[in-house]
Amino acid sequence: MYFSRVRVRSDIKELSELASLLKNDKYGVHRLLWRLFPEQAHRTFLFREEIAREQLGPSPSVRGEPIYYLVSQTKPASETGSLFSVESKDYRPQLQNGQQLGFDCRVNPVIARQGKKHDVVMDAQLQFLMAQVKSSQLQSSLSAKPDKGAYKKLLLAKGGEALADRLTEILANDRRYAERLRQISTLDEKLEWAIKTHIDTILEDWLKRQGEQHGFALLIDDAGLCKLQNSAYAWHGLNSKGKKAGFSSVDFTGQLQITDVEKFEQVLFRGIGRSKAFGCGLLMIRKI
């Protein structure tokens, strides 16, 4: 296997314009990176996109263009005149059961319900709001097909003290956000933070299940919390595949312990979750 860093060549005159196009076209990026593997009929690489300036630091030759990290079965080609410059090295990490590692991973988390796939974050928000409306006995005040905005508006208008008390209890019982109660003064703030608490729990549970399948467990800190953070939730449209086509992504960073070295090695090479063709799934590890 190979680990590669792929950069857009800095001598391209229209670099800033090209960077903007690449940022907004995940499908196009996938096709361009695939050209680094001219002998492959099927994609066998994983990749992750970052911003070169954030990865490489200030430099006259580094701007806001994307930079890509790849894990691949074969070494990517680097031809004269190519759009990309490529740096590759053999990738065969020395792993063992019980080993602890830091990690970063961009994933497309989904959940199956009644035979359909749902975005984990959007689904968590909706399920939480539905539960609060039900607890407040406000179902009869909803329209036939309410969206998340309608649920929030109804709760803030009619939830009253009972809702405020439930949200306070949710936050007070969550060690990650209990301190936030001292800074929150309005009902809408309590609702937003309670939603975030629920989403964080759902995302953590999703990654724990991935770990059970792929030979790792999240490490726990002295307070009994997982050494895990999530950030940068985003929706990525795939306009070339239709107006509503696309996928979501979430960035995880944290620490883990290998529980099954064979399964863990496979996930390093095959990735986690869905949308791997569009920059999700690559598990990047480091010593701690």
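**Entry 1**

I took contact to mean heavy atoms within 4.5 Å. Helices (H or I, at least four residues) and strands (E, at least two) are DSSP runs, numbered from the N terminus.

I note that this is a predicted model, in which local features need pLDDT of at least 70 and side-chain atom pairs count only at pLDDT 80 or more, while totals for chains, interfaces and linings use all residues. Residues are numbered from 1 along each chain as its sequence is written, and side-chain values use heavy atoms, with hydrogens and water left out.

I then traced the sheet itself: it is open and has four strands in the order E2-E3-E1-E4, with antiparallel pairing. Strand E2 (45-51) and E4 are the edge strands, each pairing on one side only. On average, neighbouring strands of this sheet are turned by 20 degrees against each other, direction ignored. I counted two strands as paired if DSSP finds at least two bridges between them.

**Entry 2: strand E1**

Five of its seven residues are buried, so E1 is largely enclosed by the rest of the structure.

Which strands does E1 bridge to? Six bridges join E1 to strand E3 (residues 66-72), and the two run antiparallel. Seven bridges join E1 to strand E4 (residues 84-90), again antiparallel. I followed Phe3 to both sides: its bridge partner in E3 is Val71, and in E4 Phe3 stands opposite Lys89.

**Entry 3: helices H5 and H7**

I next examined helix H5 (residues 148-158) and helix H7 (residues 187-214), which pack at an angle of about 135 degrees with their axes 10 Å apart. That angle makes H5 oblique to H7; angles under 35 degrees count as roughly parallel, over 145 as roughly antiparallel, 65 to 115 as roughly perpendicular and the rest as oblique.

The crossing of H5 and H7 is right-handed; a crossing is right-handed if the near helix is turned clockwise from the far one by less than a right angle, and left-handed if anticlockwise. On the H5 side I listed Lys152, Leu155 and Leu156, which meet Leu187, Asp188, Leu191, Glu192 and Ile195 in H7.

**Entry 4: two residues in helices**

Is Gln132 buried or exposed? Gln132 lies in helix H4 (residues 120-135) and counts as buried because its relative accessibility is 7%. Leaving out residues up to four places away in sequence, I found that Gln132 touches Leu155, Leu163, Arg166, Leu167 and Ile170. The C-alpha atoms of Gln132 and Leu163 are separated by 7.5 Å, although the residues are 31 apart along the chain.

Thr197 lies in helix H7, and at 5% relative accessibility Thr197 counts as buried. With the sequence neighbours up to four places away again left out, Thr197 touches Ile170, Leu171, Asp174, Arg176 and Tyr177.

**Entry 5: the whole chain**

Terms used
Buried means under 20% relative accessible area, exposed over 50%, partly exposed in between (1.4 Å probe, protein chains only). Axes are lines fitted to C-alpha atoms, for helices over the stretch in contact, and angles run from 0 to 180 degrees between N-to-C directions.
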